[in-house]
Amino acid sequence: MLEARNLSKSYASIPAVREVTFSLAPGQVLGCLGPNGSGKSTTVKMLTGLLEPTRGKVLFNGEDIHKDLVGFRKSLGYVPEEPNLYPYLSGREYLEMIGILRGMPSSRLENKIDALLDLFSLHPHRHGSIGSYSKGMRQRILLIAALMDDPQILIFDEPLSGLDVTTALVLKNLIKTLGEQRRAIFYCSHVLEVVEQVCSHLLILRKGNVIAYDKTESIQDHVEHSSLEDTFMHLVEEVDTEKVSREIISAMEAA
Amino acid sequence: MISSRLLSLRRRWDIWSRKPFPTLVRLFLGRIFRGGGESGQDELDLSMGLVLTLLPLPGAFYSVFLFEKYSTLLQWMQGRTDVDPLSAAFPDEYFFIVFSMVVTGMVAVWRWDSIFPDRRDYANLVPLPLSTLNIFFANLLAILLLTLVLAIDVNAASALLFPLVVSASVNAFSFFVHFFLVHAFVLVLASLFGFFAVFVIVGILMATLPYIVFRRVSLYLRGIIIACFAALLSTSFAVPPQIEQPDSAVRFLPPVWFLGLCQLLRDRASPSLASRGRLALIGSAAVIATASVTYALSYRRCFRRIPETTDVSPPSSAGHLGRIFRTLDRVILTSPFQRAGYRFVMKTLLRSEHHGLVLGGFFGLGVVTASQFLFAAFSGKPLEAGSLPSAEVLAVPLILSYCIILGVRVVFDIPTELRANWVFRLSLAKTGHECVPLARKVMLTFVLPWVFAIALPLYAYLWGWRVGVLQTAVVTVWSLLLAEILLLRFRKIPFTCSYPPFRDSAVVIVLLYILGFFLFVGVTSKLEYWALSDSVLILWLAGIPVVVWYVLTRFQEGRVEVDEELIFEEIPQGGFELLDLGHGT
């Protein structure tokens, strides 16, 4: 369904992502992991068409997404990393606007907004301005906006950020179920535990390069570690975390 | 029949307005008006209705004030007969043209960052199934609609009232209609010119400069534009007498072109004014066309590049600032609170566009007023060596000092990132804070360096050391007193407290500021001039700050402890208060 082929992106000749290749089939939940600056956000932006790759392409059903971006985005639901919303609109007004801009018919839109606001426990706050919402409430608004047009592809960039435990659990189950319903899901996160539970496949990036791409279990088997955290540390991080912790305490205690 | 037609039209409108393009236009209109800040937190949230109500008021008041000038009865009582209303209206019409250009131009400066779609729009709109052309045209249409509404609104009252006042002495309805049509048309055109002229400047810079350079230049440029507008407004009564003078420099001023257009449309233009009038038409068309082209270019260049500029931040000048701060730490910043607070306040003032703009506005006002005083002091008079400087010349540093200190005090009340003030709430005790010394030191930082580095040597060089030293001493002491007066009841860390609620006393405060200007500048410069002529008067001059200081000290002593507690929220004062006298009995 969605395929990244040799994606590369440079900012002012500094490469951020190099030759990233992977595919996302219906029913797959592909987790994207990597430390800060590994190129995750740049990859997500290229997948959504927000950023044009310097080299390579993103294919949707075999066609370059930039040939028909509007058509591609009709099938796309996207939860960005930052809940950058219009603070003077109410939650309901924002969702209504997004629905209209997505071309959803009015009758369907009204019902969906109310139902989803209710399910995400935002119905009582629907007329309050987004400026007064907590981070978790804004994140829920973003999730509703991404889900309400029933997209075939979902791209989540740190979707659990700011969510309370219950909503986070709901979302984890939801992602699994959406995957089972043949939606293609790209899931970017730092929370390894969730990625391990939710994702069927893994893409691990380091310094803009793909260092691992396979089924979650296969990667873990390959590096012979029991948890994803150990696998991640083995593949990505080059620092001795215990040593750094000791050094931080020394710096704290220094006169 | 009519009601069913209306219903059907209403239904069609409802269906149409729920389509993507009108929804986008609505979004952009709201965004331009409401800005990008967190509503109710950092930005002063002015609703569209309030802004549209306030804008036409000054024009309306001024029109009513002019009634005295055009009233036939009053003219007869003053012995003035055969008054030509059109000739009499010449300078007033110039003022209205300047006013309409300045107001719409200032709105463009105020909403500078909201005119173009920004990062938030990109994040929300681009992932949706919308073509970027739709976003482009929706924003363009929103700008055009807003400009038109603004141009009509600013002039709505004055365009009707001023012709009514002018035509009071003429018993012909056709005169009123003709005057009204020409006046309204020219004012709206002048407003459009003012808005789009600012727009062109922004657009050209955005289209030509690298993004980081644009952001840096932007603040200074907006300050210059505000100063130009202030100059235009404050000279609006001095320009009309010079318009008909051959080769006068005022012919280059755009408001003069529009005044020429008025005269041209009324068939009363001299050849030179007629050519100015034609220039107004050509200029307006050129400005609107250029604005459209620069909008398209800068949209293409900036909006589409937003995701690539996300992580780019301008390099800081921490090295130079660090050295300055370390020196100040040793000399004037006497406690850890002052050191940390001073760094925070100065960096916010120097880096926040919003605060910089307001402060720049006050500074611009100071420069314009000071130049008028200088112009008045030297017009036609050469500088005589050895003679004493006039009161106007002595007033110049006082004007700058007054405007800067007042400007700094005003910006202290404008919050920045209120959600970040938890760090101060957490680490500071409510009592025993040093907010006043901190604020005073920041205020004087903006005055004393140039007083000692520029004013003292300049006055000493031109009029001798006696004048230089006295002038420096007066400006220093008066600035200190002004800072103390403005900081009475001050008990917050600058920028960390919510906006003060609008109080009924706000108008009185503005009037006090104006009165304060005349005392601080007018009276002081006169006293200083007399003191320079008669040395005995220097003692009188020295006595004033002593008395003021004594009064201020007594006032401070009378304060109760609760009035000195550090605050982070301005609580509106209730209309009445329950004393709860029965509590505890």
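## Two chains, one predicted model

Let's start with chain B, which has 24 helices and 0 strands. Before I go on: this is a predicted model. Keep that in mind throughout.

So, chain B. Its sequence runs to 585 residues, and 33% of them are buried. Now look at the contacts between residues at least 6 apart in sequence. In chain B, 81% of those join residues at least 24 apart.

How is chain B divided into domains? The assignment gives domain 1 as residues 12–309 and domain 2 as residues 324–564. The centres of these two domains of chain B are 34 Å apart, taken over C-alpha atoms. Domain 1 of chain B brings 11 residues to the contact, and domain 2 of chain B brings 16. On the domain 1 side, the split by class is 6 nonpolar, 3 polar and 2 charged.

Stay in chain B for one helix pair. Find α4(B), residues 57–65, and α10(B), residues 132–166. Their axes come within 7 Å and cross at roughly 10°. Anything under 35 degrees counts as roughly parallel. Therefore α4(B) is roughly parallel to α10(B).

Which residues of α4(B) and α10(B) meet? From α4(B), we have B:Gly59, B:Ala60, B:Tyr62, B:Ser63 and B:Val64. From α10(B), they are B:Val154, B:Asn155, B:Ala157, B:Ser158, B:Leu161, B:Phe162 and B:Val165. By class, that contact holds 8 nonpolar residues, 4 polar and no charged.

On to chain A. Here we have both kinds of element: 10 helices and 10 strands. The radius of gyration of chain A is 19 Å. The globule rule gives 18 Å for 255 residues, so chain A is as compact as a globular protein of that length. Its C-alpha atoms fill a box of roughly 55 × 50 × 40 Å along the principal axes.

What share of chain A is buried? The figure is 42% of the 255 residues. As for contacts in chain A with a separation of 6 or more, 67% are between residues 24 or more positions apart.

Chain A also has a domain assignment. Domain 1 is written in two pieces, 2–75 and 151–253, and domain 2 is 85–150.

Now zoom in on α1(A). Is this helix enclosed or open? Count the residues: 9 of the 9 are buried, so α1(A) is largely enclosed by the rest of the structure. In order, they are A:Lys40, A:Ser41, A:Thr42, A:Thr43, A:Val44, A:Lys45, A:Met46, A:Leu47 and A:Thr48. Two lysines, A:Lys40 and A:Lys45, are on that buried list. Just after the helix comes A:Gly49, with a positive phi of about 85°.

Take A:Glu19. It has phi near 45°, a positive value in a residue other than glycine. Where does A:Glu19 lie? It is in strand β2 of chain A, residues 14–24. A:Glu19 has 15 C-beta neighbours inside 10 Å, so it counts as partly exposed.

The other is A:Glu158. Its phi is near 50°, again positive in a residue other than glycine. A:Glu158 is in a loop, between β7 (153–157) and α6 (165–180) of chain A. With 19 other C-beta atoms within 10 Å, A:Glu158 is partly exposed. The cut-off for buried is 20 or more.

Last stop: where the two chains meet. Chain A gives 26 residues to the contact, and chain B gives 23. Which elements of chain A give two or more residues to that side? They are α1 (40–48), α2 (69–74), β6 (76–79) and α3 (91–101). α3(A) gives the most, with 4 residues. By class, the chain A side is 15 nonpolar, 7 polar and 4 charged.

Note that α1 of chain A is back on that list. This is the helix with 9 of its 9 residues buried.

That's the tour. Questions, please.

Key: Residues numbered from 1 in each chain as written. Chains lettered and ligands numbered in written order. Predicted model: local features only at pLDDT ≥ 70, side-chain atom pairs only at ≥ 80, totals over all residues. Domains from an automatic or database assignment. Axes fitted to C-alpha atoms, helices over the stretch in contact; angles between N-to-C directions. Parallel < 35°, antiparallel > 145°, perpendicular 65-115°, else oblique. Contact = placed C-beta atoms within 7 Å. Nonpolar A, V, L, I, M, F, W, Y, C, P; charged D, E, K, R; others polar. Buried ≥ 20, exposed ≤ 12 C-beta atoms within 10 Å, placed from the backbone. Rg over C-alpha atoms; globule rule 2.2 N^0.38 Å.
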